Amino acid sequence: MLDSLREVMRYRSLLRDLVARDLKVRYKRSALGILWTMLNPLLLMVIFTIVFAHILRVTVEHFTVYFLSAFVLWNFFAQATSWSTGCLLGYAPLIKKIYVPKSIFVIATVLAGTVNLIISLVPLVIIMLCVGHPFSLAMAFLPVPILLATLFSLGLSLALAPLCVMFADTVQIYGVILTAWMYLTPIIYPLSALPDHYRRLILLNPMTHLVEAFRTPIYQGALPSSHVMITATVAAIGTLVIGWAIFDRYSDRIAYLV
Amino acid sequence: MPASTLAIELRDVSVRYRVPRERIPTFKEFAIKWLRGSVVYHELDALAQVSVRIPRGASLGIIGRNGAGKTTLMKVIARVLRPTGGDVTVNGHVAPLLELGAGFDTELSGRENVFLNGAILGRSRREMQRRFERIVAFSELGDFIDAPVRTYSTGMVARLGFAIATDVEPDILLVDEVLSVGDIEFQRKCTERIESIMRRGTTLVLVSHSPESILQLCEHVVWLNEGRVVADGPARQVVDAFVSRSAPVAAAAS
(Lines give C-alpha, C1' and ligand atoms only; values in the text may rest on other atoms or scores of the structure.)
Protein backbone atom coordinates (compact mmCIF):
# COMPACT_ATOMS: atom_id res chain seq x y z
CA MET A 1 0.00 0.00 0.00
CA LEU A 2 2.83 2.40 0.83
CA ASP A 3 4.44 1.73 -2.55
CA SER A 4 1.28 2.53 -4.44
CA LEU A 5 0.70 5.58 -2.26
CA ARG A 6 4.16 6.86 -3.14
CA GLU A 7 3.44 6.23 -6.80
CA VAL A 8 0.24 8.25 -6.62
CA MET A 9 2.25 11.08 -5.08
CA ARG A 10 4.60 11.03 -8.06
CA TYR A 11 1.60 11.54 -10.32
CA ARG A 12 0.08 14.33 -8.23
CA SER A 13 0.05 16.78 -11.13
CA LEU A 14 -2.09 14.27 -13.04
CA LEU A 15 -4.30 13.96 -9.97
CA ARG A 16 -4.84 17.70 -9.90
CA ASP A 17 -5.60 17.79 -13.63
CA LEU A 18 -8.12 14.97 -13.28
CA VAL A 19 -9.93 16.64 -10.37
CA ALA A 20 -10.05 19.95 -12.27
CA ARG A 21 -11.29 18.19 -15.38
CA ASP A 22 -13.94 16.28 -13.44
CA LEU A 23 -15.28 19.48 -11.92
CA LYS A 24 -15.19 21.32 -15.25
CA VAL A 25 -17.21 18.58 -16.91
CA ARG A 26 -19.73 18.52 -14.07
CA TYR A 27 -20.12 22.27 -14.07
CA LYS A 28 -19.94 22.48 -17.85
CA ARG A 29 -17.74 25.56 -17.41
CA SER A 30 -20.72 27.73 -16.59
CA ALA A 31 -21.85 29.76 -13.62
CA LEU A 32 -25.25 28.14 -13.89
CA GLY A 33 -23.49 24.78 -13.54
CA ILE A 34 -22.36 25.59 -10.02
CA LEU A 35 -25.81 26.97 -9.31
CA TRP A 36 -27.30 23.60 -10.21
CA THR A 37 -25.34 21.78 -7.51
CA MET A 38 -26.64 24.30 -5.05
CA LEU A 39 -30.20 24.10 -6.30
CA ASN A 40 -30.28 20.33 -6.04
CA PRO A 41 -29.99 20.15 -2.22
CA LEU A 42 -32.24 23.18 -1.88
CA LEU A 43 -35.01 21.58 -3.89
CA LEU A 44 -34.68 18.26 -2.08
CA MET A 45 -34.75 20.13 1.19
CA VAL A 46 -38.02 21.84 0.26
CA ILE A 47 -39.59 18.47 -0.64
CA PHE A 48 -38.36 16.69 2.47
CA THR A 49 -39.36 19.58 4.70
CA ILE A 50 -42.88 19.59 3.33
CA VAL A 51 -43.18 15.82 3.64
CA PHE A 52 -41.61 15.37 7.05
CA ALA A 53 -42.24 18.63 8.87
CA HIS A 54 -45.72 19.35 7.57
CA ILE A 55 -47.29 16.11 6.36
CA LEU A 56 -45.72 13.51 8.67
CA ARG A 57 -45.18 16.11 11.39
CA VAL A 58 -41.79 15.01 12.57
CA THR A 59 -41.14 17.11 15.64
CA VAL A 60 -37.53 18.13 15.32
CA GLU A 61 -36.64 21.74 15.84
CA HIS A 62 -35.35 23.46 12.69
CA PHE A 63 -35.96 20.29 10.73
CA THR A 64 -34.56 21.80 7.54
CA VAL A 65 -31.16 22.37 9.15
CA TYR A 66 -31.32 19.02 10.91
CA PHE A 67 -32.02 17.24 7.66
CA LEU A 68 -29.76 19.19 5.35
CA SER A 69 -26.71 19.06 7.63
CA ALA A 70 -26.84 15.28 7.32
CA PHE A 71 -28.05 15.15 3.76
CA VAL A 72 -25.18 17.12 2.16
CA LEU A 73 -22.73 14.67 3.71
CA TRP A 74 -24.78 11.68 2.61
CA ASN A 75 -25.15 13.18 -0.85
CA PHE A 76 -21.38 13.51 -1.09
CA PHE A 77 -20.88 9.90 -0.05
CA ALA A 78 -23.55 8.59 -2.45
CA GLN A 79 -22.30 10.64 -5.39
CA ALA A 80 -18.60 10.03 -4.86
CA THR A 81 -19.00 6.27 -4.57
CA SER A 82 -21.41 5.91 -7.47
CA TRP A 83 -19.35 8.18 -9.75
CA SER A 84 -16.35 6.02 -8.90
CA THR A 85 -18.11 2.86 -10.03
CA GLY A 86 -18.01 4.10 -13.62
CA CYS A 87 -14.77 6.06 -13.64
CA LEU A 88 -12.40 3.26 -14.75
CA LEU A 89 -14.55 2.49 -17.78
CA GLY A 90 -14.62 6.18 -18.61
CA TYR A 91 -10.84 6.25 -18.74
CA ALA A 92 -10.54 2.92 -20.59
CA PRO A 93 -8.86 4.36 -23.71
CA LEU A 94 -6.11 5.79 -21.54
CA ILE A 95 -5.74 2.72 -19.32
CA LYS A 96 -5.23 0.53 -22.38
CA LYS A 97 -2.47 2.64 -23.87
CA ILE A 98 -0.41 4.30 -21.18
CA TYR A 99 0.60 3.17 -17.71
CA VAL A 100 -0.59 5.32 -14.86
CA PRO A 101 -1.40 4.14 -11.33
CA LYS A 102 -5.05 3.26 -11.83
CA SER A 103 -6.14 4.18 -8.32
CA ILE A 104 -5.55 7.78 -9.35
CA PHE A 105 -8.81 7.84 -11.32
CA VAL A 106 -10.79 6.74 -8.26
CA ILE A 107 -8.98 9.18 -5.98
CA ALA A 108 -9.61 12.05 -8.41
CA THR A 109 -13.32 11.22 -8.62
CA VAL A 110 -13.73 11.14 -4.84
CA LEU A 111 -11.74 14.36 -4.38
CA ALA A 112 -13.94 16.10 -6.96
CA GLY A 113 -16.86 15.00 -4.78
CA THR A 114 -15.18 16.52 -1.75
CA VAL A 115 -14.83 19.86 -3.54
CA ASN A 116 -18.50 19.55 -4.42
CA LEU A 117 -19.34 18.94 -0.76
CA ILE A 118 -17.50 22.07 0.28
CA ILE A 119 -19.40 24.08 -2.36
CA SER A 120 -22.69 22.66 -1.11
CA LEU A 121 -21.98 24.15 2.32
CA VAL A 122 -22.96 27.49 0.78
CA PRO A 123 -26.68 26.67 0.38
CA LEU A 124 -26.56 25.09 3.84
CA VAL A 125 -25.30 28.34 5.35
CA ILE A 126 -27.93 30.30 3.40
CA ILE A 127 -30.68 28.12 4.82
CA MET A 128 -29.29 28.46 8.35
CA LEU A 129 -29.44 32.23 7.93
CA CYS A 130 -33.00 32.03 6.58
CA VAL A 131 -34.41 29.95 9.42
CA GLY A 132 -32.33 31.80 12.00
CA HIS A 133 -30.34 28.79 13.18
CA PRO A 134 -27.39 29.92 15.35
CA PHE A 135 -23.82 29.48 14.06
CA SER A 136 -21.28 28.05 16.45
CA LEU A 137 -17.51 28.06 16.65
CA ALA A 138 -17.78 24.25 16.65
CA MET A 139 -18.26 24.48 12.89
CA ALA A 140 -14.52 25.07 12.61
CA PHE A 141 -14.28 21.36 13.40
CA LEU A 142 -16.04 20.42 10.11
CA PRO A 143 -12.85 19.71 8.12
CA VAL A 144 -12.29 16.64 10.33
CA PRO A 145 -15.57 14.85 9.51
CA ILE A 146 -15.18 15.93 5.86
CA LEU A 147 -11.75 14.30 5.79
CA LEU A 148 -13.05 11.13 7.44
CA ALA A 149 -16.01 10.92 5.05
CA THR A 150 -13.59 11.35 2.13
CA LEU A 151 -11.36 8.52 3.36
CA PHE A 152 -14.36 6.26 3.96
CA SER A 153 -15.82 7.00 0.50
CA LEU A 154 -12.42 6.45 -1.09
CA GLY A 155 -12.03 3.06 0.60
CA LEU A 156 -15.42 1.88 -0.57
CA SER A 157 -14.87 3.29 -4.07
CA LEU A 158 -11.53 1.51 -4.41
CA ALA A 159 -13.21 -1.77 -3.51
CA LEU A 160 -16.12 -1.20 -5.89
CA ALA A 161 -14.24 0.11 -8.94
CA PRO A 162 -12.60 -3.19 -10.04
CA LEU A 163 -15.86 -5.06 -9.42
CA CYS A 164 -17.66 -2.70 -11.78
CA VAL A 165 -15.11 -3.40 -14.49
CA MET A 166 -15.71 -7.14 -14.14
CA PHE A 167 -19.49 -6.95 -13.92
CA ALA A 168 -21.37 -4.06 -15.48
CA ASP A 169 -24.48 -4.53 -13.34
CA THR A 170 -22.57 -3.77 -10.15
CA VAL A 171 -23.55 -0.16 -10.87
CA GLN A 172 -27.28 -1.00 -10.72
CA ILE A 173 -26.92 -3.29 -7.72
CA TYR A 174 -25.00 -0.61 -5.88
CA GLY A 175 -27.72 1.93 -6.69
CA VAL A 176 -30.29 -0.25 -4.94
CA ILE A 177 -27.96 -0.76 -1.97
CA LEU A 178 -27.45 2.99 -1.68
CA THR A 179 -31.18 3.66 -1.48
CA ALA A 180 -31.60 1.13 1.32
CA TRP A 181 -28.47 2.40 3.02
CA MET A 182 -29.78 5.96 3.09
CA TYR A 183 -32.87 4.90 5.05
CA LEU A 184 -30.68 2.90 7.44
CA THR A 185 -28.78 6.08 8.26
CA PRO A 186 -30.33 8.63 10.62
CA ILE A 187 -30.73 11.45 8.11
CA ILE A 188 -34.44 12.15 8.06
CA TYR A 189 -35.10 10.73 11.50
CA PRO A 190 -33.19 11.12 14.76
CA LEU A 191 -31.49 8.05 16.21
CA SER A 192 -33.37 8.63 19.45
CA ALA A 193 -36.67 8.00 17.68
CA LEU A 194 -35.79 4.34 17.20
CA PRO A 195 -36.62 1.43 19.49
CA ASP A 196 -33.57 -0.07 21.22
CA HIS A 197 -33.03 -3.16 19.09
CA TYR A 198 -33.18 -1.17 15.84
CA ARG A 199 -30.88 1.44 17.24
CA ARG A 200 -28.22 -1.16 17.91
CA LEU A 201 -28.44 -2.22 14.26
CA ILE A 202 -28.23 1.33 12.95
CA LEU A 203 -25.18 1.97 15.15
CA LEU A 204 -23.32 -0.73 13.20
CA ASN A 205 -23.62 1.48 10.13
CA PRO A 206 -20.42 3.53 9.74
CA MET A 207 -22.35 6.29 7.96
CA THR A 208 -24.39 6.83 11.14
CA HIS A 209 -21.26 7.98 12.93
CA LEU A 210 -19.86 9.98 10.02
CA VAL A 211 -23.17 11.80 9.61
CA GLU A 212 -23.32 12.43 13.36
CA ALA A 213 -19.76 13.82 13.39
CA PHE A 214 -20.70 16.22 10.62
CA ARG A 215 -24.14 17.21 11.88
CA THR A 216 -23.37 17.88 15.56
CA PRO A 217 -21.18 20.99 15.01
CA ILE A 218 -23.74 22.45 12.62
CA TYR A 219 -27.04 21.54 14.24
CA GLN A 220 -26.15 21.41 17.92
CA GLY A 221 -23.24 23.81 17.78
CA ALA A 222 -21.13 21.35 19.76
CA LEU A 223 -18.22 19.02 19.14
CA PRO A 224 -19.19 15.41 18.43
CA SER A 225 -18.65 12.97 21.29
CA SER A 226 -15.32 11.17 21.46
CA HIS A 227 -17.17 7.88 21.04
CA VAL A 228 -18.60 9.03 17.71
CA MET A 229 -15.21 10.35 16.58
CA ILE A 230 -13.35 7.17 17.47
CA THR A 231 -15.90 4.96 15.69
CA ALA A 232 -15.91 7.21 12.63
CA THR A 233 -12.11 7.29 12.45
CA VAL A 234 -11.73 3.54 12.83
CA ALA A 235 -14.42 2.94 10.19
CA ALA A 236 -12.86 5.41 7.74
CA ILE A 237 -9.28 4.22 8.04
CA GLY A 238 -10.25 0.54 8.21
CA THR A 239 -12.36 0.86 5.05
CA LEU A 240 -9.59 2.71 3.26
CA VAL A 241 -6.95 0.07 4.10
CA ILE A 242 -9.22 -2.80 3.04
CA GLY A 243 -10.40 -0.98 -0.10
CA TRP A 244 -6.85 -0.14 -1.10
CA ALA A 245 -5.75 -3.75 -0.63
CA ILE A 246 -8.64 -5.00 -2.78
CA PHE A 247 -7.82 -2.48 -5.49
CA ASP A 248 -4.12 -3.36 -5.47
CA ARG A 249 -4.98 -7.01 -5.78
CA TYR A 250 -7.15 -6.56 -8.84
CA SER A 251 -5.55 -3.53 -10.49
CA ASP A 252 -3.38 -5.67 -12.81
CA ARG A 253 -6.50 -7.25 -14.25
CA ILE A 254 -8.18 -3.97 -15.06
CA ALA A 255 -6.23 -3.31 -18.28
CA TYR A 256 -7.26 -6.76 -19.53
CA LEU A 257 -10.93 -6.12 -18.86
CA VAL A 258 -11.81 -2.53 -19.70
CA MET B 1 26.04 -8.70 -19.49
CA PRO B 2 25.31 -7.20 -16.05
CA ALA B 3 21.70 -6.26 -15.43
CA SER B 4 22.47 -2.59 -14.85
CA THR B 5 23.43 -1.99 -18.47
CA LEU B 6 20.11 -3.39 -19.65
CA ALA B 7 17.24 -1.02 -20.32
CA ILE B 8 14.68 -3.77 -20.71
CA GLU B 9 14.79 -7.42 -19.82
CA LEU B 10 11.96 -9.87 -20.43
CA ARG B 11 12.36 -13.41 -19.11
CA ASP B 12 9.93 -16.05 -20.37
CA VAL B 13 7.13 -13.54 -20.58
CA SER B 14 3.70 -14.94 -21.35
CA VAL B 15 0.47 -13.08 -21.74
CA ARG B 16 -2.54 -15.30 -21.68
CA TYR B 17 -5.93 -13.82 -22.33
CA ARG B 18 -8.70 -15.79 -20.73
CA VAL B 19 -11.52 -15.24 -23.13
CA PRO B 20 -14.95 -16.49 -22.13
CA ARG B 21 -16.51 -18.34 -25.04
CA GLU B 22 -19.33 -15.88 -24.85
CA ARG B 23 -19.18 -12.52 -23.21
CA ILE B 24 -20.64 -12.50 -19.70
CA PRO B 25 -21.23 -8.85 -19.08
CA THR B 26 -23.23 -8.89 -15.89
CA PHE B 27 -23.00 -10.31 -12.45
CA LYS B 28 -26.48 -11.76 -12.83
CA GLU B 29 -25.54 -13.81 -15.88
CA PHE B 30 -22.26 -14.81 -14.33
CA ALA B 31 -24.01 -16.06 -11.20
CA ILE B 32 -26.52 -18.07 -13.23
CA LYS B 33 -23.89 -19.58 -15.52
CA TRP B 34 -21.48 -20.22 -12.68
CA LEU B 35 -24.16 -22.08 -10.74
CA ARG B 36 -24.85 -24.20 -13.81
CA GLY B 37 -21.11 -24.70 -14.21
CA SER B 38 -21.28 -23.39 -17.74
CA VAL B 39 -18.68 -20.65 -17.65
CA VAL B 40 -16.32 -21.85 -20.36
CA TYR B 41 -13.11 -20.08 -21.17
CA HIS B 42 -10.71 -20.64 -23.95
CA GLU B 43 -7.23 -19.39 -23.54
CA LEU B 44 -5.31 -17.36 -25.99
CA ASP B 45 -1.57 -16.93 -25.74
CA ALA B 46 -0.76 -13.47 -27.04
CA LEU B 47 2.83 -14.02 -25.93
CA ALA B 48 4.41 -17.35 -25.05
CA GLN B 49 7.71 -17.42 -23.20
CA VAL B 50 9.26 -14.46 -24.87
CA SER B 51 12.72 -13.49 -23.67
CA VAL B 52 14.26 -10.26 -24.89
CA ARG B 53 17.20 -8.27 -23.55
CA ILE B 54 17.70 -4.73 -24.70
CA PRO B 55 20.90 -2.95 -23.62
CA ARG B 56 20.73 0.67 -22.57
CA GLY B 57 20.86 3.00 -25.58
CA ALA B 58 20.17 0.22 -28.07
CA SER B 59 17.43 0.20 -30.67
CA LEU B 60 15.22 -2.79 -31.18
CA GLY B 61 12.75 -3.35 -33.96
CA ILE B 62 9.83 -5.75 -33.67
CA ILE B 63 8.38 -7.27 -36.81
CA GLY B 64 5.74 -9.86 -37.46
CA ARG B 65 2.38 -10.33 -39.09
CA ASN B 66 -0.87 -8.96 -37.70
CA GLY B 67 -1.75 -10.67 -34.45
CA ALA B 68 1.82 -11.83 -33.84
CA GLY B 69 1.90 -10.18 -30.42
CA LYS B 70 3.90 -7.06 -31.29
CA THR B 71 1.54 -4.62 -29.62
CA THR B 72 1.06 -6.90 -26.62
CA LEU B 73 4.84 -6.97 -26.19
CA MET B 74 4.91 -3.17 -26.29
CA LYS B 75 2.15 -3.00 -23.71
CA VAL B 76 4.09 -5.31 -21.41
CA ILE B 77 7.17 -3.09 -21.67
CA ALA B 78 5.00 0.00 -21.09
CA ARG B 79 3.56 -1.68 -17.94
CA VAL B 80 0.05 -1.34 -19.37
CA LEU B 81 -0.32 -5.11 -19.15
CA ARG B 82 1.14 -7.15 -16.32
CA PRO B 83 2.18 -10.46 -17.93
CA THR B 84 0.48 -13.62 -16.70
CA GLY B 85 3.86 -15.38 -16.58
CA GLY B 86 7.55 -14.48 -16.52
CA ASP B 87 9.41 -11.40 -15.34
CA VAL B 88 9.80 -7.93 -16.74
CA THR B 89 12.48 -5.48 -15.70
CA VAL B 90 12.38 -1.99 -17.13
CA ASN B 91 15.07 0.47 -16.03
CA GLY B 92 14.16 4.06 -16.64
CA HIS B 93 11.36 6.33 -17.63
CA VAL B 94 9.18 5.07 -20.47
CA ALA B 95 7.37 7.29 -22.99
CA PRO B 96 4.90 5.11 -24.85
CA LEU B 97 3.60 6.08 -28.26
CA LEU B 98 1.31 3.12 -28.69
CA GLU B 99 -1.44 5.09 -30.33
CA LEU B 100 -1.43 8.68 -31.42
CA GLY B 101 -3.57 10.90 -29.30
CA ALA B 102 -3.84 8.34 -26.52
CA GLY B 103 -4.34 10.33 -23.37
CA PHE B 104 -5.63 13.37 -25.20
CA ASP B 105 -8.90 14.86 -24.08
CA THR B 106 -10.38 15.99 -27.35
CA GLU B 107 -12.59 18.61 -25.70
CA LEU B 108 -9.57 20.42 -24.27
CA SER B 109 -7.29 22.66 -26.29
CA GLY B 110 -3.91 21.54 -27.58
CA ARG B 111 -2.27 23.71 -24.93
CA GLU B 112 -4.19 22.05 -22.08
CA ASN B 113 -3.44 18.65 -23.57
CA VAL B 114 0.30 19.30 -23.50
CA PHE B 115 0.06 19.63 -19.72
CA LEU B 116 -2.43 16.76 -19.34
CA ASN B 117 -0.22 14.48 -21.42
CA GLY B 118 2.85 15.56 -19.50
CA ALA B 119 1.02 14.73 -16.26
CA ILE B 120 0.10 11.30 -17.64
CA LEU B 121 3.78 10.74 -18.32
CA GLY B 122 4.47 11.71 -14.69
CA ARG B 123 5.87 15.17 -15.45
CA SER B 124 5.09 18.27 -13.42
CA ARG B 125 3.35 21.35 -14.74
CA ARG B 126 6.45 23.46 -14.26
CA GLU B 127 8.56 21.06 -16.27
CA MET B 128 6.02 21.10 -19.11
CA GLN B 129 5.96 24.89 -19.04
CA ARG B 130 9.68 24.85 -19.67
CA ARG B 131 9.22 22.50 -22.66
CA PHE B 132 6.05 24.07 -24.00
CA GLU B 133 7.51 26.40 -26.64
CA ARG B 134 9.71 23.67 -28.08
CA ILE B 135 6.81 21.22 -28.25
CA VAL B 136 4.59 23.71 -30.08
CA ALA B 137 7.43 24.56 -32.47
CA PHE B 138 8.00 20.90 -33.34
CA SER B 139 4.30 20.21 -33.78
CA GLU B 140 3.98 23.18 -36.18
CA LEU B 141 0.51 23.85 -34.79
CA GLY B 142 0.95 27.60 -34.45
CA ASP B 143 -2.27 29.29 -33.34
CA PHE B 144 -4.16 26.00 -33.49
CA ILE B 145 -2.57 25.12 -30.14
CA ASP B 146 -5.49 26.93 -28.47
CA ALA B 147 -8.20 25.18 -30.49
CA PRO B 148 -9.87 22.04 -29.10
CA VAL B 149 -8.12 18.85 -30.16
CA ARG B 150 -11.33 17.47 -31.70
CA THR B 151 -10.92 20.05 -34.47
CA TYR B 152 -7.43 18.75 -35.33
CA SER B 153 -6.62 16.58 -38.33
CA THR B 154 -5.03 13.16 -37.75
CA GLY B 155 -1.69 14.59 -38.80
CA MET B 156 -1.94 17.43 -36.28
CA VAL B 157 -2.77 15.02 -33.44
CA ALA B 158 0.15 12.86 -34.52
CA ARG B 159 2.57 15.77 -34.55
CA LEU B 160 1.53 17.01 -31.12
CA GLY B 161 1.58 13.53 -29.53
CA PHE B 162 4.99 12.78 -31.00
CA ALA B 163 6.37 16.18 -29.99
CA ILE B 164 5.33 15.65 -26.34
CA ALA B 165 6.56 12.06 -26.03
CA THR B 166 9.97 12.80 -27.50
CA ASP B 167 10.51 16.14 -25.78
CA VAL B 168 10.20 14.76 -22.25
CA GLU B 169 13.57 13.01 -22.71
CA PRO B 170 12.45 9.50 -21.86
CA ASP B 171 15.01 6.80 -21.09
CA ILE B 172 12.98 4.45 -23.23
CA LEU B 173 10.81 5.41 -26.19
CA LEU B 174 8.22 2.95 -27.46
CA VAL B 175 6.88 3.66 -30.93
CA ASP B 176 4.13 1.45 -32.31
CA GLU B 177 3.44 2.04 -35.97
CA VAL B 178 2.57 5.67 -35.38
CA LEU B 179 4.97 7.15 -37.88
CA SER B 180 2.99 5.87 -40.83
CA VAL B 181 0.10 8.32 -40.43
CA GLY B 182 1.97 11.53 -41.18
CA ASP B 183 3.16 12.82 -44.53
CA ILE B 184 6.66 12.18 -45.80
CA GLU B 185 7.95 15.46 -44.42
CA PHE B 186 6.62 14.60 -40.95
CA GLN B 187 8.05 11.08 -41.12
CA ARG B 188 11.44 12.49 -41.99
CA LYS B 189 11.24 14.93 -39.10
CA CYS B 190 10.22 12.17 -36.69
CA THR B 191 13.04 9.94 -37.83
CA GLU B 192 15.50 12.78 -37.29
CA ARG B 193 14.07 13.49 -33.84
CA ILE B 194 14.33 9.81 -32.88
CA GLU B 195 17.91 9.65 -34.09
CA SER B 196 18.78 12.78 -32.16
CA ILE B 197 17.33 11.56 -28.84
CA MET B 198 19.00 8.18 -29.39
CA ARG B 199 22.33 9.95 -29.65
CA ARG B 200 21.60 11.25 -26.14
CA GLY B 201 21.22 7.67 -24.94
CA THR B 202 17.50 6.90 -25.22
CA THR B 203 16.62 3.28 -25.84
CA LEU B 204 14.20 2.75 -28.71
CA VAL B 205 11.71 -0.03 -29.31
CA LEU B 206 9.96 0.30 -32.65
CA VAL B 207 7.11 -1.72 -34.09
CA SER B 208 6.62 -1.28 -37.79
CA HIS B 209 5.38 -3.03 -40.88
CA SER B 210 7.83 -1.08 -42.95
CA PRO B 211 11.19 -2.87 -43.33
CA GLU B 212 12.72 0.46 -44.44
CA SER B 213 12.00 2.33 -41.22
CA ILE B 214 13.09 -0.67 -39.15
CA LEU B 215 16.37 -0.92 -41.02
CA GLN B 216 16.92 2.81 -40.80
CA LEU B 217 16.42 3.07 -37.03
CA CYS B 218 17.16 -0.32 -35.48
CA GLU B 219 20.35 -2.28 -34.95
CA HIS B 220 18.53 -5.30 -33.61
CA VAL B 221 15.30 -6.96 -34.63
CA VAL B 222 13.00 -9.51 -33.02
CA TRP B 223 10.61 -11.35 -35.30
CA LEU B 224 7.46 -12.55 -33.61
CA ASN B 225 4.94 -15.06 -34.87
CA GLU B 226 1.89 -16.21 -32.93
CA GLY B 227 3.34 -14.91 -29.70
CA ARG B 228 6.71 -16.63 -30.07
CA VAL B 229 10.12 -15.35 -31.04
CA VAL B 230 11.02 -16.74 -34.48
CA ALA B 231 14.32 -14.93 -34.83
CA ASP B 232 16.34 -12.44 -32.82
CA GLY B 233 19.48 -10.87 -34.24
CA PRO B 234 21.06 -8.13 -36.33
CA ALA B 235 18.46 -6.05 -38.12
CA ARG B 236 19.42 -6.79 -41.72
CA GLN B 237 19.57 -10.56 -41.22
CA VAL B 238 16.19 -10.87 -39.44
CA VAL B 239 14.38 -8.45 -41.75
CA ASP B 240 15.66 -10.32 -44.83
CA ALA B 241 14.51 -13.63 -43.38
CA PHE B 242 11.10 -12.16 -42.55
CA VAL B 243 10.67 -10.58 -45.98
CA SER B 244 11.66 -13.75 -47.83
CA ARG B 245 9.24 -15.79 -45.70
CA SER B 246 6.41 -13.28 -46.27
CA ALA B 247 7.06 -12.75 -49.99
CA PRO B 248 5.72 -16.12 -51.24
CA VAL B 249 2.59 -15.58 -49.14
CA ALA B 250 2.11 -12.11 -50.58
CA ALA B 251 2.72 -13.39 -54.09
CA ALA B 252 0.21 -16.22 -53.61
CA ALA B 253 -2.34 -13.78 -52.23
CA SER B 254 -2.11 -11.50 -55.27
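Two strands are taken as paired if DSSP finds at least two bridges between them. Helices (H or I, at least four residues) and strands (E, at least two) are DSSP runs, numbered from the N terminus. The model is predicted: local features need pLDDT of at least 70 and side-chain atom pairs count only at pLDDT 80 or more, whereas totals for chains, interfaces and linings use all residues. Residues are numbered from 1 along each chain as its sequence is written, with chains lettered from A and ligands numbered from 1 in the order in which they are written.

In strand β3 (59–63) of chain B, B:L60 stands opposite B:V205 of β7(B). The strands β3(B) and β7(B) run parallel and are joined by 4 bridges. β3(B) also pairs with β8(B), again in the parallel sense and over 4 bridges, and here B:I63 has B:W223 of β8(B) as its bridge partner. A residue is called buried if 20 or more other C-beta atoms lie within 10 Å of its own, exposed if 12 or fewer, and partly exposed in between, with C-beta atoms placed from the backbone. Because 5 of the 5 residues of β3(B) are buried, the strand is largely enclosed by the rest of the structure. B:S59, B:G61 and B:I63 point one way from β3(B), while B:L60 and B:I62 point the other way.

β3(B) belongs to an open sheet of 6 strands in chain B, with the order β5-β6-β7-β3-β8-β9 and mixed pairing. B:V205 of β7(B) is the bridge partner of B:L174. Helix α2 (residues 70–77) of chain B lies across β3, β6, β7 and β8 of chain B and runs at about 155 degrees to β7(B). Such angles run from 0 to 180 degrees between N-to-C directions, and the axes are lines fitted to C-alpha atoms, for helices over the stretch in contact.

Residues are in contact if their C-beta atoms, placed from the backbone, lie within 7 Å. Leaving out residues up to four places away in sequence, A:L210 touches A:L73, A:P145, A:L148, A:A149, A:F152 and A:A232. In soluble globular proteins, nonpolar side chains tend to be buried together.

The contact between the chains takes 21 residues from chain A and 24 residues from chain B. On the side of chain B that touches chain A, the elements giving two or more residues are α1 (27–36) and α3 (110–120) of chain B. The most comes from α3(B), with 4 residues. By class, this side of chain B has 14 nonpolar, 4 polar and 6 charged residues. Ala, Val, Leu, Ile, Met, Phe, Trp, Tyr, Cys and Pro count as nonpolar, Asp, Glu, Lys and Arg as charged, and the others, Gly among them, as polar.

Helix α4 (residues 125–139) of chain B bends by about 50 degrees at B:R131, the bend being the angle between axes fitted to the seven residues ending at a residue and the seven starting there. The buried residues of α4(B) are B:M128, B:I135 and B:S139, and their cover includes α3 and α5 (154–167) of chain B. After α4(B) comes B:E140, with a positive phi near 55 degrees.

Positive phi values also occur at B:Q49, near 45 degrees, and at B:E169, near 50 degrees. B:Q49 lies in strand β2 (residues 41–55) of chain B and counts as partly exposed because 15 C-beta neighbours lie inside 10 Å. B:E169 is found in the loop between α5 and β6 (172–176) of chain B and is partly exposed, with 14 C-beta neighbours inside 10 Å.

Notes: Two residues are in contact if their C-beta atoms, placed from the backbone, lie within 7 Å.
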